Amino acid sequence: MGPCLGRNDHQSEQQKGIPNIGNTCYMNSVIQVLAATPNFLANLDSVKQAELIALKNFIQGVKLRYPSSSLSILANDFKNQISQAHPIFQGSRENDAKELFAIILSILGEEETVTNPFNIVFKRSFKCEEKNHIAYSEEKSNLIIIPKGASIENHLKNMDSEKKFWGDNQLYCEKCKKTKDITMKTERIELPEILVLYTPKDGNSKNNTKCLNEVILEQKSYILYAVICYNSWPRHYYAYTRISEKSWRKYNDDRTSESNSLPEKNAYLLFYKSNY
Ligand SMILES: [Zn+2]
């Protein structure tokens, strides 16, 4: 690692750009973000599965700035490993960064020694209005979906408000054995270390989700540290990681540059770390 000259806490080491080995901008963007995710590499220390060993080597190569020729080999290794159980990643098809991220996390979930910093656990209660029956469900997720057209701030604030499935929208009550007016409440019982927000692709229309620097989830503050952008035409993924409070590094395959701002459009996956 190079010398750090008076850099502040936000400083991420400069990671090496990754050559494109055939429509792999989706993979390169995910790898840059994981390399910039606090403790992610250390967390892979004793993984056993071949896909994760290849992932660990790949991230290490990016962080330690291996030569491009070595990174191409590590990229190929990782892609080959992940393709064995997930043939969608074979060949040089342009894949989805979010799918790759989800598959990496599902493989991580099979390792006993690894904690998943993205894990969100939430509980839902369903109250039958007529007889006050209450049913619960518990779910896990690795990200929060920001619906089309919604602002991040409003969505995070309002997503836990009660939802009434009344009248024409009744739900089934297990105790009544028929559909009833049901009121649903959601609460998160485990907040993630790393909060991922996902803005689904939206055909040809522009994605203008504004990247908020800080978000609050149930009184916990999170700071944006990385973004994966998706450009729909020509189709391309690229990533940003935070250098300092006001500057960012852009990773566009093997090209890297610095920028004082984030783009106004194309944010696809936003990564926030908990702000102590
Ligand atoms: Zn009931």
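**View 1. Residue E190 lies in strand β7, which spans residues 182–190.** Helices (H or I, at least four residues) and strands (E, at least two) are DSSP runs, numbered from the N terminus. The structure is a predicted model, in which local features need pLDDT of at least 70 and side-chain atom pairs count only at pLDDT 80 or more, while totals for chains, interfaces and linings use all residues. Residues are numbered from 1 along each chain as its sequence is written. E190 is exposed because 11 other C-beta atoms lie within 10 Å; a residue counts as exposed at 12 or fewer such neighbours, buried at 20 or more, and partly exposed in between, with C-beta atoms placed from the backbone. Apart from its neighbours within four places in sequence, E190 is in contact with N119, I120 and V121, a contact being two C-beta atoms, placed from the backbone, that lie within 7 Å. Between the C-alpha atoms of E190 and F122, which are 68 residues apart along the chain, the separation is 6.7 Å.

**View 2. Strands β2, β1, β7 and β4 follow one another, in that order, in an open sheet of 4 strands with antiparallel pairing.** The edge strands, β2 (134–141) and β4 (163–165), each pair on one side only, where pairing requires that DSSP finds at least two bridges between two strands. Direction ignored, neighbouring strands of this sheet are turned by 25° against each other on average, the axes being lines fitted to C-alpha atoms and angles in general running from 0 to 180 degrees between N-to-C directions. Strand β1 (residues 120–128) pairs with β2 in the antiparallel sense over 8 bridges, and F122 has E139 in β2 as its bridge partner.

**View 3. Helix α4 comprises 18 residues, 68–85.** From its first C-alpha to its last the helix reaches 27 Å, close to the 26 Å expected at 1.5 Å a residue, the expected span being 1.5 Å times one less than the number of residues. Buried in α4 are L71, L74, A75, F78, K79, Q81 and I82. These residues lie on the same side of α4 because they cover an arc of only 160° around the axis, taken from the directions from the helix axis to the C-beta atoms. The buried residues pack against α1 (25–36), α3 (50–63) and α5 (97–108), whereas S69 and Q84, on the other side of α4, are exposed.

**View 4. The chain has a mean pLDDT of 90, and 93% of its residues reach 70 or more.** This score is the predictor's confidence in each residue, from 0 to 100. Over residues 1–11 the pLDDT is below 50, and this stretch has 9 contacts in the model beyond near neighbours in sequence.
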